[in-house]
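Hi,

Here is the structure I promised to pass on. My notes follow below it.

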Amino acid sequence: MARVALVTGGMGGLGEAVCIKLAALGYKVVTTYSPGNTKAESWLASMREQGLDFKAYPCDVADYDSAQACVKRVEQEVGPVDVLVNNAGITRDMTFKKMDKVNWDAVIKTNLDSVFNMTKPVCDGMVERGWGRIINISSVNGQKGAFGQTNYSAAKAGMHGFTKALALEVARKGVTVNTISPGYIGTKMVMDIPSDVLESKIIPQIPMGRLGKPEEVAGLVAYLSSDEAAFVTGANIAINGGQHMY
Ligand code: NDP
């Protein structure tokens, strides 16, 4: 029977590539979108035009109750979740001097609390069934910090601690927990950065001299989701064009 993969934020640049890749590999792919997202229906229609019949559920990943309700619906309507990709995320960049509590909380809740909120309702089932994959999409900026991103860097770094601790707890149960830390990938999140900043500051930091492609990250998600990756757990896999090498 096809494994069920739940990808949060699948309508974003990176999440979409992950959904498409996992569907191509035969997973039953389910995704989430923010309750206020008015483009969800048109996204689903455009996927159907490509022969991809994804299911999508409204879910505020930053909200514990919303996440529990969403996973419950997925499990009732599609089946138990075998692969969870915690991909939804936001940025609210500003220097620490300007950082206020609202923008701190928004990023910590959406990027870090969400990992707890979504993993909590799926983890016990994975352990009971003796198979599961939890993949947390972190960031190079969680590894090395970034100017103007105390909130984002803290949230993404927090994912690494969560990943390693949970990986220990479920290691003997057939469940792996890993992070992927992308560098700059050419999605809306990055294309929103002013082009002069991209050209003069960001691309010159990348030894390969280009942004990454969402499909390149999706390939890593596919690997970590597979049976071949059964011995990889508690790992952080960097994919950053050489920007940060440890
Ligand atoms: P996008 O902005 O394109 O997509 C982000 C997704 O997150 C959207 O689908 C959005 O859904 C969803 N989302 C945001 N807030 C919530 C919420 N409260 N509840 C539910 N869903 C939410 O970003 P990317 O695709 O570029 O990024 C995906 C992940 O990869 C993020 O975690 C990001 O931090 C990480 N990353 C990205 C990098 C890059 O270079 N692009 C580099 C390193 C890491 P909706 O539109 O419905 O709100």
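Which residue in β2 does Val-4 stand opposite? Val-4 faces Lys-28. Bear in mind that this is a predicted model.

**The sheet**

That pair belongs to β1 and β2. Strand β1 covers residues 4-7, and β2 covers residues 28-33. They pair in the parallel sense, over 4 bridges. Between them the chain passes through helix α1, residues 13-24, and this β-α-β crossover is right-handed.

β1 also pairs with β4, residues 83-86. These two run parallel as well, joined by 3 bridges. Leu-6 stands opposite Leu-84 in β4, and Val-7 stands opposite Val-85.

Side chains on β1 go two ways. Val-4 and Leu-6 point one way, Ala-5 and Val-7 the other, and all are buried.

Now the whole sheet. It is open and has 7 strands, in the order β3-β2-β1-β4-β5-β6-β7, with parallel pairing. The edges are β3 (55-58) and β7 (236-239), each pairing on one side only. Neighbouring strands are turned by 20 degrees against each other on average, direction ignored.

**Helices across the sheet**

Two helices to look at here. α1 lies across β1, β2, β4 and β5 (132-137). Its direction is about 165 degrees to β2. Helix α4, residues 101-129, lies across β4, β5 and β6 (175-182). α4 runs at about 170 degrees to β4.

**Helix α3**

How far apart are the end C-alpha atoms of α3? They are 20 Å apart. The helix has 14 residues, 64-77, and at 1.5 Å a residue it should span 20 Å, so the two values agree.

Which residues of α3 are buried? Ala-67, Cys-70, Val-71 and Val-74 are. They sit on the same side of α3, because they cover an arc of only 95 degrees around the axis. The general rule is that an α-helix has 3.6 residues a turn, so residues three or four places apart point the same way.

The face turned away from that buried side carries exposed residues: Asp-65, Lys-72, Gln-76 and Glu-77. As for the buried residues, what covers them includes β1, β2, β3 and α4.

After α3 comes Gly-79. Its phi is positive, near 145 degrees.

Best wishes

Conventions
Residues are numbered from 1 along each chain as its sequence is written. This is a predicted model: local features need pLDDT of at least 70, side-chain atom pairs count only at pLDDT 80 or more; totals for chains, interfaces and linings use all residues. A residue is buried if 20 or more other C-beta atoms lie within 10 Å of its own, exposed if 12 or fewer, and partly exposed in between; C-beta atoms are placed from the backbone. Two strands pair if DSSP finds at least two bridges between them. A crossover is right-handed if, with the strands pointing away from the viewer, the path from the first strand over the helix to the second runs clockwise. Axes are lines fitted to C-alpha atoms, for helices over the stretch in contact, and angles run from 0 to 180 degrees between N-to-C directions. Two residues are in contact if their C-beta atoms, placed from the backbone, lie within 7 Å. The expected span of a helix is 1.5 Å times one less than its number of residues. The arc is that of the directions from the helix axis to the C-beta atoms.
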